[in-house]
Amino acid sequence: MASSNDCDPLPAEVLPVGIKVLIAGGFGVGKTTFVNALSEIEPLSTEEMLTAVSAATDRLDGVENKATTTVALDFGRITLSPSYVLYLFGTPGQERFLFMWDELSEGALGAVVLADTRRLEHSFPAVDFFERRGMPFVVAVNEFDGAHRYRGEEVRSALDLSQEVPVVLCDARVQSSGIRVLLELIQHLLTTRSSHGTDTDQPLLRA
């Protein structure tokens, strides 16, 4: 028999702590695919069809066959443990939506910058964004079918990244590959926070 206490809200101490990370990068690098492959819930996606109206402002070089674009954000969730939940926020890739990145990055602990070596120059705005704000990030090279393969150190040199920024190779379509990227980011966050003595001053989200 159910008691009246069944409807009482759970005490705050048993609710999991939310950890927010951004999935960023240029248009068509695989951010939506990355979030979709990892999320344990039906991911929120705000993809819209590209139209002739946006042709004058959107850069489609190298992805001419892409028919949709994210106009706000992607969102997914991964339960790490009963105590921690990871929230994935995918940024829009088109330059005309860069104004949204500041709001999306509010409260984020770190970021994954997805890169496509066929259009590596499209990664510079994301790298610059996180470097300027001092937000830890990793660069994940999404190895598209048919694309030339480069070593991580070659990508680091091409993007002029410091040695502290991890560069990993991945396939955004594959869940296990995405998990390895997130583990690399979490390790980078722990290393960065430990080296700067900021174990407790970064806010977390309460789910």
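**Exercise 1. Find which residues Ser-105 touches, not counting residues up to four places away in sequence, and decide whether Ser-105 is buried or exposed.**

Step 1: Ser-105 sits in the loop between α2 (101–104) and β6 (110–115). Helices here are DSSP runs of H or I with at least four residues, strands are runs of E with at least two, and both are numbered from the N terminus.

Step 2: Skip the residues up to four places away in sequence, and you'll find Ser-105 touching Lys-20, Leu-22, Phe-129 and Met-135. Contact means heavy atoms within 4.5 Å.

Step 3: Ser-105 counts as buried because its relative accessibility is 9%. The cut-offs are: buried under 20% relative accessible area, exposed over 50%, partly exposed in between, using a 1.4 Å probe and protein chains only.

Before you go on, bear in mind that this is a predicted model, where local features need pLDDT of at least 70 and side-chain atom pairs count only at pLDDT 80 or more, while totals for chains, interfaces and linings use all residues. Residues are numbered from 1 along each chain as its sequence is written, and side-chain values use heavy atoms, with hydrogens and water left out.

**Exercise 2. Work out whether Ile-41 is buried, partly exposed or exposed, and find its contacts.**

Step 1: Ile-41 is in the loop between α1 and β2 (47–49).

Step 2: Its relative accessibility is 27%, so Ile-41 counts as partly exposed.

Step 3: Ignore neighbours within four places in sequence, and Ile-41 is in contact with Phe-75 and Arg-77.

Step 4: From Ile-41 to Gly-76 there are 35 residues in sequence and 6.6 Å in space, C-alpha to C-alpha.

**Exercise 3. Describe how α1 packs with α5.**

Step 1: Two packed helices are described by the angle between their axes and the distance between the axes.

Step 2: For α1 (residues 31–38) and α5 (residues 175–195), the angle is about 100° and the axes are 9 Å apart. That makes α1 roughly perpendicular to α5. Angles of 65 to 115 degrees get that label; under 35 is roughly parallel, over 145 roughly antiparallel, and the rest oblique. Axes are lines fitted to C-alpha atoms, for helices over the stretch in contact, and angles run from 0 to 180 degrees between N-to-C directions.

Step 3: On the α1 side you have Phe-34, Ala-37 and Leu-38, which meet Gln-175, Gly-178, Ile-179, Val-181 and Leu-182 in α5.

Step 4: Sorted by class, this contact has 6 nonpolar, 2 polar and no charged residues. Ala, Val, Leu, Ile, Met, Phe, Trp, Tyr, Cys and Pro count as nonpolar, Asp, Glu, Lys and Arg as charged, and the others, Gly among them, as polar.
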